Amino acid sequence: MSDWKDVKECMDENGVSGLAELFKERLERWKKTEVNIGITGNSGAGKSSFINAIRDLNDDADGAAPVDVTECTIEPTSFNHPKYPNIKFWDLPGIGTPNYPDLETYRQKVQLDKYQTFLIFSSSRFTENDIILVKEIKKQGKSFFFIRTKIDENVRAEKRKESFSEAAVLEKIRRDCMENLVDEAGKPMCSEDDIFLTSNHHPDKWDFGGLALAIRDVLPRYQRETLTLSLNALTSLSKDILKRKVEVLEGRMMYVAGASALAAATPVPGLSFAVNAGLLLKEVREYITQLGIPEKGSQRFGRLSSATQQEILDLLIKFGTVPGIASFLASEAATEDTGVLGVIARFISFFSLTPDDSLSFPCIYFLLCRSLKRIEAVALAVLEEAAQQSIDDLDLD
């Protein structure tokens, strides 16, 4: 509702001429909104590997955080997303280190108010200094999460026992964390929902995907949208992340349709056709990328069943060109009411050698809705196959 209110206010203040700039700004906003996530914990706890994994980088890739466990963070160090440098994961030094001997020094040098949320890592037990930091974070009204890492090593060690139960192992680790994370009065510093058990080497197992989702959900709206649309590597890990992406993409539709409607109002012959076609193809291709549809010939594509591969190929044909989109809409017509049939008819007529016609706002909006729904269905099929494959491939013996 607030988005429509913004459009109305822009119209009242600037007329139609101001809308084009508003629509452009809203569509590009996620690439410019800055997100700062603070990450701290003992050396060797897996901070650097996490920073690399969530950015979809190998540990030896250019721009990767160094994973030398003997290295100690001396000052806050930013590791930016490789595609979207406005998203920054900060490796923070710990309290109690030589340059940060106490909370006051830490508070002055690290500037805690800079970060939207904090991740505190440990591969064994959380320390007294972790508790001190959390108290300060709470005072500032910031969110935080505890991440217990190297769960694959714990499971592997316990798997050699005859009485092995993965669920029991995880429950024991989670319970130990809760007992460890208490203040001087013995009161819990967090709830179980704030504790995540992860392995940076198996991001498709345990709580890695849930952690990414939790980080996303505590951010302010615009930072939330930014992080959601940047997590391409994690879309294949979680139906929940996929769902959040679909919701954000749905929120963009009014701006794409609005920009198209403005282009349709231009008096320059043929220009509205070119702008509409470009907007449509660009946005629908963004859906394909954002929802994790593998490229033909990629390793991920090769591991899928022949049926799912064919679905992807059909998708790329349907949404690769304006004629393909027109054909897709025509096939959808039978399921819609007469009002939508009229919109589809207008689109088909528009595409068929009448470039001076225009696509109305409802037509563009409808097209985007149906396209996203179809792409989401294929993305879910890909995700389900990938999830099963990760279970089959996981070897902790």
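The buried residues of helix α5 are Asp 130, Ile 131, Leu 133, Val 134, Glu 136 and Ile 137. Buried here means under 20% relative accessible area, with exposed over 50% and partly exposed in between (1.4 Å probe, protein chains only). The model is a predicted one, in which local features need pLDDT of at least 70, side-chain atom pairs count only at pLDDT 80 or more, and totals for chains, interfaces and linings use all residues. Residues are numbered from 1 along each chain as its sequence is written, and side-chain values use heavy atoms, with hydrogens and water left out.

The cover over the buried residues of α5 includes β1 (35-41), α4 (103-110), β4 (117-122), β5 and α7. Contact is taken as heavy atoms within 4.5 Å. Helix α5 has 12 residues. From first C-alpha to last it reaches 17 Å, close to the 16 Å expected at 1.5 Å a residue. The expected span is 1.5 Å times one less than the number of residues. Just after α5, Gly 141 takes a positive phi of about 70°.

Over the whole chain, the secondary structure comes to 16 helices and six strands. These elements are DSSP runs, numbered from the N terminus: helices are H or I with at least four residues, strands E with at least two. Of the 397 residues in the chain, 48% are buried. Among contacts between residues at least 6 apart in sequence, 66% join residues at least 24 apart. The chain exposes about 19200 Å², and carbon and sulfur atoms supply 52% of that area. Accessible areas come from the Shrake-Rupley method with a 1.4 Å probe; for residues, only the protein chains shown count as cover.

Helix α7 (residues 166-180) has 15 residues and should span 21 Å at 1.5 Å a residue. Its end C-alpha atoms are 21 Å apart, which agrees. Its buried residues are Val 169, Leu 170, Ile 173, Arg 174, Cys 177, Met 178 and Asn 180. They pack against α5 (128-139), β5 (143-148), α6 (151-158) and β6 (195-197). Arg 174 counts as buried at 16% relative accessibility. Leaving aside residues up to four places away in sequence, Arg 174 touches Glu 192, Ile 195, Leu 197 and Asp 207.

Helix α8 (residues 208-218) meets helix α3 (residues 47-54), with axes that come within 12 Å and cross at roughly 75°. The two helices are therefore roughly perpendicular. Axes are lines fitted to C-alpha atoms, for helices over the stretch in contact, and angles run from 0 to 180 degrees between N-to-C directions. Angles under 35 degrees count as roughly parallel, over 145 as roughly antiparallel, 65 to 115 as roughly perpendicular and the rest as oblique. Phe 50, Ala 53 and Ile 54 of α3 make the contact with Phe 208, Leu 211 and Ile 215 of α8. By class, these residues are six nonpolar, no polar and no charged. Ala, Val, Leu, Ile, Met, Phe, Trp, Tyr, Cys and Pro count as nonpolar, Asp, Glu, Lys and Arg as charged, and the others, Gly among them, as polar.

Helix α8 also packs with helix α9 (residues 221-230), at an angle of about 155° and with axes 7 Å apart. That makes α8 roughly antiparallel to α9. Ile 215, Arg 216 and Asp 217 in α8 meet Arg 224, Leu 227 and Thr 228 in α9. This contact has two nonpolar, one polar and three charged residues.

Ile 325 lies in helix α14 (residues 322-332). Its relative accessible area is 0%, so Ile 325 is buried. The C-alpha atoms of Ile 325 and Leu 315, 10 residues apart along the chain, are separated by 9.9 Å.
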